[in-house]
Amino acid sequence: MGSIMPPIESAEREARSPLAAATDQREQPSGRLIVGNCVDIMRQWRDGAIQLTVTSPPYDQLRDYQGYDFPFEAIADELYRVTADGGVVVWVVGDRIKSGRSLTSFRQALYFQEIGFSAHDVMIYQKKNTPFMRSNAYTNAYEMMFVMSKGKPATFNPLKEPTQRHGYEMLPHNKLPDGVNKKTLKELKREKTRTNIWSYAVGLGGTTSDRIAFQHPAVFPERLALDHILSWSNEDDLVLDPMCGSGTTGKMALLNGRRFIGIDISADYVAIARQRLADCGLDFAVDDGS
Ligand SMILES: C[S@@+](CC[C@H](N)C(=O)[O-])C[C@H]1O[C@@H](n2cnc3c(N)ncnc32)[C@H](O)[C@@H]1O
């Protein structure tokens with residue numbers, strides 16, 4: 001597990017850009033759940049305050065959310081501004097499939113790139129079980145996970161998985177100009193860095209075992225949030241979910257030593273998130289906008 005940069009203490013992080021801090025009178029966001037439109041809320045925050053965002057937007061009006069308002073470009077612009085240099089935004093998104101795919105996910109990714117993010121990776125969230133069928137196409141079993149970074153990611157803690165085979169084996173190495181295929185005894189490693197296709201079971205017991213979460217119509221798997229949090233942040237970093245729904249990112253961030261700030265436009269969803277956090281012993285402040 002190697003992080004390119006060591007964890008930065010909060011105070012040190014604030015001091016990193018003293019000029020910006022002196023001239024930017026906006027608020028340094030602190031861990032809480034907030035009811036509101038994420039654009040309005042993020043506009044109150046200082047530049048570069050967030051190390052990692054793990055979020056999933058409403059997809060092409062696929063679900064009926066309460067108080068729905070989705071100004072994508074304004075959200076992306078604010079995300080860029082509030083992301084720290086070296087920070088990462090993980091944008092988990094699918095397309096509406098009606099008579100063909102909407103390709104909204106790609107348009108959004110291109111917009112992120114236009115405004116300055118680097119498309120650090122395009123990952124796949126594969127669903128192990130999916131009931132969705134199409135009569136004239138293969139069953140859709142994935143969503144995109146766009147990993148957008150502001151400059152080079154400051155943190156990468158690669159997740160590992162066991163290799164199929166390990167131990168010592170005679171392995172061929174590059175042929176020299178004489179064309180002879182030489183073999184030498186080499187060790188096959190016990191583990192390797194994962195690929196960028198991540199598979200999760202979905203539904204109760206897969207996505208989460210928290211029944212209350214399913215009062216929200218579109219929860220993503222806890223493990224997905226956790227895997228990104230471990231990969232792109234360190235302990236004490238501030239993790240954001242600007243459309244936090246049932247609070248999945250928050251639960252996994254807080255249980256793993258990160259700070260968390262979550263926003264949702266729906267007071268009902270924020271109430272679900274708060275209860276879900278409370279159920280794991282996390283008593284978390286809620287700013288209900290009143
Ligand atoms: C796909 S869901 C997120 C689900 C979440 N990842 C989870 O695991 O529960 C998208 C959320 O975006 C919220 N939303 C839509 N527009 C918003 C906005 N402008 N500001 C804040 N939240 C918004 C919706 O209320 C909805 O809960």
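Me: Which residues come nearest to the ligand?
Reply: This is a predicted model, where local features need pLDDT of at least 70 and side-chain atom pairs 80 or more, while totals for chains, interfaces and linings use all residues. Residues are numbered from 1 along each chain as its sequence is written. Around the ligand there are 23 residues (C-beta, placed from the backbone, within 6 Å of it). Of these, the nearest are Cys38, Met243, Gly245, Ser246 and Thr248.

Me: How many helices and strands does the protein chain have?
Reply: Helices (H or I, at least four residues) and strands (E, at least two) are DSSP runs, numbered from the N terminus. By that count, the protein chain has eight helices and 15 strands.

Me: Which strands stand at the edges of the open sheet of nine strands?
Reply: The order is E12-E6-E7-E3-E2-E13-E14-E1-E15, with mixed pairing (strands pair if DSSP finds at least two bridges between them). Each edge strand has a single partner, so one side of it is left without a neighbour in the sheet. Those strands are E12 and E15 (286-287).

Me: In E7, what is the bridge partner of Gln126?
Reply: Strand E7 covers residues 142-149 and runs antiparallel to E6. Eight bridges join E6 and E7. In E7, the partner of Gln126 is Tyr142.

Me: What covers the buried residues of helix H6?
Reply: In H6 (residues 222-232), the buried residues are Glu222, Leu224, Ala225, Asp227, His228, Ile229 and Trp232 (20 or more other C-beta atoms within 10 Å of their own, placed from the backbone). His228 is also one of the residues that Val90 touches. The cover includes strands E2 (50-55), E3, E6 (118-127), E12 (197-200) and E13 (238-241), and helix H7 (248-255).

Me: What percentage of the protein chain is buried?
Reply: The protein chain has 290 residues. Of these, the buried residues make up 34%.

Definitions and conventions: Two residues are in contact if their C-beta atoms, placed from the backbone, lie within 7 Å. A residue is buried if 20 or more other C-beta atoms lie within 10 Å of its own, exposed if 12 or fewer, and partly exposed in between; C-beta atoms are placed from the backbone. Lists of a residue's contacts leave out its neighbours within four places in sequence.
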